[in-house]
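Biologist: I would like to learn how to read salt bridges and nonpolar cores in a model. Could we go through one together?

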Amino acid sequence: MLMVDMTETREERVKKAKWYVVHTYSGYENKVKANIEKMVENRGKIDDIFEVIVPTEEYVESKSGTKKVKERKLFPGYVIVKMIINDESWYLVRNTRGVTGFVGPGSKPVPLTDKEVRALGVQEIVVSDIDLKIKDAIKVIAGPFESFIGTVESINAEKRKVKVYISMFGRETLVELDFDQIEKL
């Protein structure tokens with residue numbers, strides 16, 4: 001069993017926590033979310049389970065000329081939990097009414113990768129800022145242009161994207177890349 005390091009602050013524990021997907025009975029997602037949150041509060045597990053989310057999206061429904069903004073679940077039958085896995089936290093979530101189990105092989109939950117978390121829009125992953133200037137030389141380290149060398153044309157720090165000229169088929173081609181797809185040369 002994992003022992004809790006009492007010298008750690010809550011912020012340090014939140015940084016160590018990972019996102020896990022929990023399978024629920026369809027239609028019980030919000031009830032499971034409320035039950036987990038209530039049990040965390042009642043049992044004092046606020047240092048192990050930090051956030052419970054039911055991913056939803058808004059859409060516009062048109063009925064007889066009137067438009068209404070409605071909300072629907074992105075993944076019916078699933079809830080996403082940010083937690084530190086230990087025997088107690090696993091047991092608490094696993095034995096919540098409406099939960100059928102964690103997503104992962106057997107009884108071992110598999111955390112979502114940072115890329116999956118970003119794709120879900122669940123949490124903004126904060127990555128240290130990149131030390132780049134316009135005209136810097138970079139190497140593409142991921143994606144379809146992997147191992148191409150390029151020159152930075154513009155940087156959008158807010159969206160964490162750069163526009164880079166790479167040489168393709170004898171021509172300079174402007175491509176947009178994420179910060180995590182490049183490294184400075």
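Biologist: Which side chain does Lys33 meet in a salt bridge?

Modeller: A salt bridge here is a side-chain nitrogen of Lys or Arg within 4 Å of a carboxyl oxygen of Asp or Glu. Lys33 meets Glu37, at 2.9 Å from N to O. Both residues lie in helix 2, four residues apart, about one turn of the helix. Helices (H or I, at least four residues) and strands (E, at least two) are DSSP runs, numbered from the N terminus.

Biologist: What should I know about the model and the numbering?

Modeller: This is a predicted model, in which local features need pLDDT of at least 70 and side-chain atom pairs count only at pLDDT 80 or more, while totals for chains, interfaces and linings use all residues. Residues are numbered from 1 along each chain as its sequence is written, and side-chain values use heavy atoms, with hydrogens and water left out.

Biologist: How many salt bridges does a search of the whole structure find?

Modeller: Six. One of them joins Lys73 to Glu29, with the closest N and O atoms 3.7 Å apart. This pair links distant parts of the chain, 44 residues apart: Lys73 is in strand 4 (residues 66-73) and Glu29 in helix 2 (residues 29-43).

Biologist: Why does Glu29 count as buried?

Modeller: Buried means under 20% relative accessible area, exposed over 50%, and partly exposed in between (1.4 Å probe, protein chains only). Glu29 counts as buried because its relative accessibility is 1%. Lys73, at 30%, counts as partly exposed.

Biologist: Which residue does Lys161 pair with in a salt bridge?

Modeller: Its side chain meets that of Asp178, at 2.6 Å from N to O. The two are 17 residues apart, Lys161 in strand 9 (residues 161-168) and Asp178 in strand 10 (residues 171-178). Lys161 is partly exposed at 26% relative accessibility, and Asp178 is partly exposed at 26%.

Biologist: How many residues does the largest nonpolar core have?

Modeller: A nonpolar core is a set of buried Ala, Val, Leu, Ile, Met, Phe, Trp, Tyr and Cys residues joined through side-chain atoms within 4.5 Å. The largest has 16 residues, and those with the most contacts inside it are Ile36, Ile49, Val81, Met83 and Val93. Helix 2 supplies its largest share, four residues.

Biologist: Which residues does Ile49 touch?

Modeller: Contact means heavy atoms within 4.5 Å. Leaving out residues up to four places away in sequence, Ile49 touches Ile36, Val40, Val81, Lys82, Met83, Ser89, Leu92 and Val93.
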